[in-house]
Amino acid sequence: MTQDAIIQVRGLINQFGQQRIHDDLDLDVERGEVLGVVGGSGTGKSVLLRTIVGLNRPRAGSIRVFGEEMSGLTGEDLKRFLRRWGVLFQDGALFSSLTVAQNIQIAMNEHTTVPPQLRDEITRLKIDMVGLPLEAGSKYPSELSGGMRKRAGLARALAVDPEIVFLDEPTAGLDPIGAAAFDQLILDLKQSLGLTVFMVTHDLDSLITVTDRIAVLVDKKAKVGTVESLMRDNDPWIREYFHGPRGRAAVAASHKAH
Amino acid sequence: MTSPEGWIKRSDEAGSTVLLVGGDWRIDEMATLSRAVERALPSSGSGDLRVDARGLTSIDSAGAWLLFKITQLAGQRGYKAEIKGLDPDFETLIERATQAAERFTGQTTAPPVNPIIRELNQIGKAVFDVFGKVVELISFLGLTVTSIAFGLIRPWRVQIRATIRQVELTGLNALPIVGLLAFLIGVVIAFMGAVQLKKFGAELYTVDLVGVAVLRELGVLFAAILVAGRSGSAFTAQIGTMKVNQEVDAMQTIGLNPVDVLVLPRILALMVSLPLLTIYADLVGLAGGAVICATVLDISTSAFITQLATAIDPSTFWIGMMKAPVFAFVIAVIGCYEGFKVSGSAESVGQRTTTSVVESIFLVIGIDAAFAIALSYLGI
């Protein structure tokens with residue numbers, strides 16, 4: 001385990017009622033990498049994400065982000081933290097009473113003091129960055145398609161140039177072309193902005209194209225590795241996942257592409 | 001994280017203007033940096049302008065945009081601008097900003113509209129909306145009436161479980177609040193009557209006042225207003241949320257008629273529960289009057305009942321009761337109609353719920369007034 005972990009989860013326990021979701025889970029995310037998180041339904045992928053960003057209080061365990069313990073952070077300290085990451089929720093979770101541009105500006109207004117004209121220009125830049133047409137900025141979320149809402153959600157997550165972005169199933173519900181474009185977008189942004197990406201996904205193609213390492217949630221713990229190392233793993237679920245028909249196809253496609 | 005602040009300096013060399021930039025160009029520093037750029041950049045000039053970026057330690061997309069803007073502004077002011085010495089890691093960001101700006105020139109944001117025209121536009125739209133709404137409401141009414149008619153022909157098709165459940169929700173669960181309110185209404189009227197009628201020595205007629213007011217008007221009116229607030233709003237919110245979740249669409253694809261499944265049980269339920277609530281409100285309202293008569297006016301409960309029997313014609317009670325199903329129908333239809341009008345967002349659910357309550361209370365009172373006028377012409 002390296003010193004350079006930007007997110008460090010140790011001994012995490014999450015439990016709802018009688019059902020234990022995570023049991024003594026350890027996970028490191030290194031600076032500048034794209035970490036994919038996979039697992040069967042109900043293995044707590046989204047719960048893990050929510051726990052790291054502080055939306056869910058774990059029963060036990062420590063979560064250190066940027067080298068600081070998360071629990072016990074309040075007020076201004078917490079706010080300073082929140083500024084350094086962005087979250088893209090499954091369906092974008094845009095504020096439905098605001099336009100896309102206002103959605104993006106809300107974080108900018110909260111955390112920075114950018115002069116209005118420059119703020120509008122940066123907003124337009126973000127809208128362009130995620131591949132939306134400029135006129136999308138004045139539209140309301142209900143007027144956008146699902147894919148556009150996701151892009152707008154990503155633009156909001158990137159509004160104040162965070163160091164980490166958390167993506168909850170970014171390609172779910174997109175058509176294959178849209179999903180591939182989204183993958184490329186994430187790679188691009190990672191390259192140019194030096195982002196660390198924590199990505200929960202079901203999408204094998206996107207997992208193989210985008211991620212540097214993969215964390216598989218099995219037996220209430222996280223097993224981390226690269227595609228190659230995980231393909232040699234003996235755990236039945238992991239074998240099924242990577243050696244099943246879809247897994248094979250995705251791996252074969254990625255080999256062909258290289 | 002402490003970081004070197006971003007800075008920009010002008011340092012001319014022979015023949016060309018040079019701007020030195022360095023430090024962190026990040027969004028947190030945009031306020032100071034954009035002012036510094038304004039100061040450093042000459043307002044007009046010619047020849048080469050070089051932006052020397054060797055001092056940059058880090059940059060984000062906002063910083064890249066500002067850096068690009070220096071070259072853009074310099075271009076507009078007559079210079080031939082160029083960024084030099086940029087770390088290759090930062091180049092992609094500048095490129096992005098440049099490409100974005102090129103795309104911006106092709107696209108324009110909507111031009112501002114004259115405020116007077118916008119206002120006129122809104123007034124016109126509002127007028128048309130009202131007409132549109134009346135037409136839609138009538139067609140929705142048609143749909144529900146057809147559905148009711150079919151329900152009468154084939155009663156086994158009516159969702160009887162859902163209907164009973166709605167009777168429980170709209171009727172049984174409303175008993176405490178309707179009872180409390182009706183009792184207080186009875187108390188208030190009795191007090192008012194007692195004070196005024198005492199001046200003429202006609203305290204006994206307080207009983208008549210309470211009886212007529214509660215049975216003919218207030219019992220049913222307050223029950224209906226409460227039901228509009230409690231259940232009409234609930235109808236809108238329930239159906240509206242189902243609309244947002246595409247449950248209504250799902251029903252249609254399975255072959256269920258949303259009007260049969262969602263609207264009919266609610267209308268029938270309300271037409272059962274509101275008359276029952278009205279009887280209950282009448283009784284409790286009279287009880288409220290009786291309590292005041294007994295405590296303040298020394299009219300015993302038996303005397304109250306005797307006086308009530310002579311003062312009140314059965315028709316008084318039936319006039320009140322007659323209105324209950326009408327009110328129930330109106331409240332349920334408006335509640336369901338507004339629910340179906342919900343579109344897309346959570347905000348829309350809230351808006352429609354408000355509209356539904358306001359409209360149904362307005363219509364209840366309006367119809368009550370129409371009843372009063374019509375009955376007085378008929379001499380009842």
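Contact here means heavy atoms within 4.5 Å. Keep that cut-off in mind for this predicted model.

Start with the sheet in chain A. Six strands form an open sheet with mixed pairing. Their order is β6-β7-β8-β3-β9-β10. The edges are β6 (85-88) and β10 (221-225) of chain A, and each of these pairs on one side only. From one strand to the next, the twist averages 20°.

Now look inside the sheet. Strand β3 (residues 34-39) and strand β9 (residues 213-218) of chain A run parallel. Five bridges join them.

Helix α5 (residues 146-157) of chain A lies across β6 and β7 (164-168) of chain A. Its direction makes an angle of about 165° with β6(A).

Another helix of chain A, α6, spans residues 176-193 and holds A:D183. Is A:D183 buried or exposed? A:D183 is buried, yet has no salt bridge. The nearest side chain of opposite charge is A:R151, 9.4 Å away. A salt bridge needs a side-chain nitrogen of Lys or Arg within 4 Å of a carboxyl oxygen of Asp or Glu. What does A:D183 contact, leaving aside its neighbours within four places in sequence? The partners are A:T171, A:D205, A:S206, A:T209 and A:V210.

Finally, turn to cysteines. Over all chains, the structure holds zero disulfides. In chain B, B:C293 counts as buried because its relative accessibility is 0%. B:C336 is also buried, at 0% relative accessibility. The cut-off for buried is under 20%.

Methods
Residues are numbered from 1 along each chain as its sequence is written. Chains are lettered from A and ligands numbered from 1 in the order in which they are written. This is a predicted model: local features need pLDDT of at least 70, side-chain atom pairs count only at pLDDT 80 or more; totals for chains, interfaces and linings use all residues. Side-chain values use heavy atoms; hydrogens and water are left out. Helices (H or I, at least four residues) and strands (E, at least two) are DSSP runs, numbered from the N terminus. Buried means under 20% relative accessible area, exposed over 50%, partly exposed in between (1.4 Å probe, protein chains only). Lys and Arg count as positive and Asp and Glu as negative; His and the chain ends are not counted. Two strands pair if DSSP finds at least two bridges between them. Axes are lines fitted to C-alpha atoms, for helices over the stretch in contact, and angles run from 0 to 180 degrees between N-to-C directions. A disulfide is a pair of cysteine sulfur atoms within 2.5 Å.
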